[in-house]
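Subject: Structure handover

Hello,

Here is the structure I said I would pass on. Please open it and keep it beside this message while you read.

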Amino acid sequence: MRDEIGFELETFLPYRLNRAAEFVGLRFATQYKEKFGLTRPEWRALAALGSVGRMRATEIGAHSAMHKTKVSRAVYSLEQRRWLKRTGDERDRRSEKLELTAAGKRAYAELSALASAYQAELVSLLGARDMKALTNGLGAVEKLLAAPSRHNASPRADENLPAEKS
């Protein structure tokens, strides 16, 4: 449906991607919140550390496209659960390396199993062909828009991002 100036919000790609991400993300969030009591930023920080390993907070933010205040709160919460530990960076004393503890690794393994089951559910709902098409389309968007060029100004994950919902 076009508005009075001819714009169709329902076909605007950023709007559609955000809505789809919200629908898919909230459905999964219900599962990890129920089982582990995690917020979305906590899940994303845990997932980043579990999949990549030792990282700085700024790297978690860049990896998961989270604002630095969300990362900071998530890191603090994971540390309080004893799922994360900090170690000083010998090359940069202003920075700390973060990594999962043994308990954090166990939690990540359980959450990964939950995520894999959810992924399988989505594939079942969408069908393998549509999932492949969606994956290819998202990959193309990420590749095109994540690479800095003279035609687009891609914001860094730790700057200029709007605050996100928990």
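Overall model

Please keep in mind that this is a predicted model. The average pLDDT of the protein chain is 87, and 86% of the residues reach at least 70. One stretch needs care: across residues 156-163 the pLDDT stays under 50. The model has 14 contacts for that stretch beyond four places in sequence. Where pLDDT is low, the predicted coordinates should not be read in detail.

The protein chain has six helices and two strands. Starting at the N terminus, the order of the elements is α-α-α-α-β-β-α-α. The chain has 166 residues, and 28% of them count as buried. Its accessible surface is about 11,600 Å², with 55% of that belonging to carbon and sulfur atoms. Among contacts with a separation of 6 or more, 54% are between residues 24 or more positions apart.

A residue in helix H2

Alanine 48 is part of helix H2, which covers residues 40-52. Is alanine 48 buried or exposed? It counts as buried, because its relative accessibility is 1% and the cut-off for buried is under 20%. Apart from neighbours within four places in sequence, alanine 48 is in contact with Gly53, Met55, Ile60 and His63.

Most residues other than glycine have a negative phi, and most peptide bonds are trans. Which residues are worth looking up on this point? Alanine 65 has a positive phi of about 55°, although it is not a glycine. Arginine 82, also not a glycine, has a positive phi of about 65°.

Both can be found in loops. Alanine 65 sits in the loop between helix H3 (57-64) and helix H4 (68-80). Arginine 82 is in the loop between H4 and strand S1 (84-88). With a relative accessibility of 41%, alanine 65 counts as partly exposed. Arginine 82 has a relative accessible area of 64%, so it is exposed.

Helix H5 covers residues 102-126, and leucine 114 lies in it. What does leucine 114 touch, not counting residues up to four places away in sequence? The answer is Phe28, Gln31 and Tyr32. Leucine 114 and lysine 35 are 79 residues apart in sequence, while their C-alpha atoms are 9.6 Å apart in space.

Glutamine 119 is also in helix H5. It is partly exposed, with a relative accessible area of 41%. From glutamine 119 to phenylalanine 28 the C-alpha distance is 9.4 Å, and the two are 91 residues apart in sequence.

The second largest pocket

Rolling a probe the size of a water molecule over the atoms shows where empty space is left. The second largest pocket has a volume of about 170 Å³. Which residues line the second largest pocket? They are Glu10, Leu13, Tyr15, Arg16, Leu17, Arg19, Ala20 and Phe23. This lining divides into five nonpolar residues, no polar ones and three charged ones.

To find these places in the viewer, start with alanine 48 in helix H2, and then go on to leucine 114 in helix H5.

Regards

Methods. Residues numbered from 1 in each chain as written. Predicted model: local features only at pLDDT ≥ 70, side-chain atom pairs only at ≥ 80, totals over all residues. Heavy atoms only, no water. 1 Å grid on protein atoms, 1.4 Å probe; cavity = no way out; pocket = protein on both sides within 12 Å on 5 of 7 lines; lining within 4 Å. Points joined across faces, edges and corners; volume = space filled by probe spheres on them. Nonpolar A, V, L, I, M, F, W, Y, C, P; charged D, E, K, R; others polar. pLDDT = per-residue confidence, 0-100. Contact = heavy atoms within 4.5 Å. Helix = DSSP H or I, 4+ residues; strand = E, 2+ residues; numbered from the N terminus. Buried < 20%, exposed > 50% of the residue type's maximum accessible area, 1.4 Å probe, protein only. Areas by Shrake-Rupley, 256 points an atom, 1.4 Å probe, with all protein chains shown as cover.
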